[in-house]
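Reader: I'm new to this structure and would like to learn how to read it. Could you walk me through it, feature by feature?

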Amino acid sequence: MFALPPLPWPIDALESKGISAEQINFHYNKHHKGYVTKLNAAAEIRPELNGKSIAELITSKDKTYNLAAQIWNHTFYWNCMSPDGGGMPTGKLAQAIDRDFGSFENMKKQFSAAAAGHFGSGWAWLVCEEGRLKVHQTHDAGCPLSEGLQPILTCDVWEHAFYIDYRNDKAKYVNAFWNTVNWGFVSSQFASSKL
């Protein structure tokens with residue numbers, strides 16, 4: 001059986017950052033939980049799935065790819081945010097951003113444009129590829145792991161991520177997202193990158 005990973009903070013923890021408890025509750029307890037429920041239903045029909053990790057299902061591009069990727073993407077997304085988030089990265093991550101984008105502001109501008117300008121449902125990512133950072137988009141349940149990329153940061157740009165709080169103003173949601181970015185987690189992902 002696959003389990004719904006717990007949120008890394010209380011459901012109302014991001015309210016002061018512009019993301020309401022109602023938005024998080026709907027997103028986590030309806031959407032994220034729904035993907036886990038559907039994957040478990042698939043595993044009842046195909047018991048061999050139970051011996052695999054979510055990442056294995058993603059990289060093998062199994063028929064359950066969309067469910068597994070959405071579970072992984074959402075878990076990663078929650079960890080990319082924190083009630084103590086915001087500000088700017090430091091250390092080696094900040095140096096890599098300056099090297100690959102010229103400045104943090106340039107990276108933020110490119111990432112925000114990818115997130116706010118994404119047509120339809122999907123994800124905006126900061127990924128590491130061959131030792132370099134770049135902004136990347138995936139559509140629907142797309143996950144960089146299936147493309148051989150190392151995710152560092154993500155922003156969910158499916159409407160269910162922001163519609164309660166921001167209706168159709170995706171750009172306003174993306175601005176609020178920056179106030180939540182957990183640079184400690186993002187830095188740890190960068191430090192563990194093998195690419």
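Reader: Let's start with helix packing: which residues in H4 meet which residues in H5?

Author: Before that, some ground rules: this is a predicted model, where local features need pLDDT of at least 70, side-chain atom pairs count only at pLDDT 80 or more, and totals for chains, interfaces and linings use all residues. Residues are numbered from 1 along each chain as its sequence is written, and side-chain values use heavy atoms, with hydrogens and water left out. Helices (H or I, at least four residues) and strands (E, at least two) are DSSP runs, numbered from the N terminus. Contact means heavy atoms within 4.5 Å. Here, Ile 97, Asp 98 and Phe 101 on the H4 side meet Phe 104, Asn 106, Met 107 and Gln 110 on the H5 side. Sorted by class, that contact has four nonpolar, two polar and one charged residues. For those classes, Ala, Val, Leu, Ile, Met, Phe, Trp, Tyr, Cys and Pro count as nonpolar, Asp, Glu, Lys and Arg as charged, and the others, Gly among them, as polar.

Reader: And at what angle do the axes of H4 and H5 cross?

Author: In general, two packed helices are described by the angle between their axes and the distance between the axes. Axes are lines fitted to C-alpha atoms, for helices over the stretch in contact, and angles run from 0 to 180 degrees between N-to-C directions. The axes of H4 (residues 91-101) and H5 come within 8 Å and cross at roughly 75°. That makes H4 and H5 roughly perpendicular, the label for 65 to 115 degrees (under 35 is roughly parallel, over 145 roughly antiparallel, the rest oblique).

Reader: Which residues of H7 are buried?

Author: Buried means under 20% relative accessible area, exposed over 50%, and partly exposed in between (1.4 Å probe, protein chains only). In H7 (residues 170-178), the buried ones are Lys 170, Tyr 173, Val 174, Ala 176, Phe 177 and Trp 178. Their cover includes helices H3 (65-79), H5 (104-116), H6 (163-166) and H8 (183-191), along with strand S3 (150-156).

Reader: Which residues touch the most other members of the largest nonpolar core?

Author: A nonpolar core is a set of buried Ala, Val, Leu, Ile, Met, Phe, Trp, Tyr and Cys residues joined through side-chain atoms within 4.5 Å. The largest one has 63 residues, and Met 107, Phe 111, Leu 133, Leu 153, Tyr 173, Trp 178 and Trp 183 touch the most other members. H3 supplies the largest share of this core, eight residues. Take Met 107: leaving out residues up to four places away in sequence, Met 107 touches Ile 97, Phe 101, Leu 126, Val 135, Trp 178 and Trp 183.

Reader: How many disulfides does a search of the whole structure find?

Author: A disulfide is a pair of cysteine sulfur atoms within 2.5 Å, and the search finds zero. For Cys 128, the nearest cysteine sulfur is that of Cys 80, 14 Å away. Cys 128 is buried, at 2% relative accessibility. Cys 155 is in no disulfide either, with the sulfur of Cys 80 the nearest at 9.3 Å; Cys 155 is buried too, at 0%.

Reader: What about backbone angles: what is phi of Lys 61 near?

Author: Phi of Lys 61 is near 55°, a positive value in a residue other than glycine. Lys 61 lies in the loop between H2 (54-59) and H3 and is exposed, at 55% relative accessibility. Arg 167, not a glycine, has a positive phi of about 50°. Arg 167 sits in the loop between H6 and H7 and is partly exposed, at 46%.
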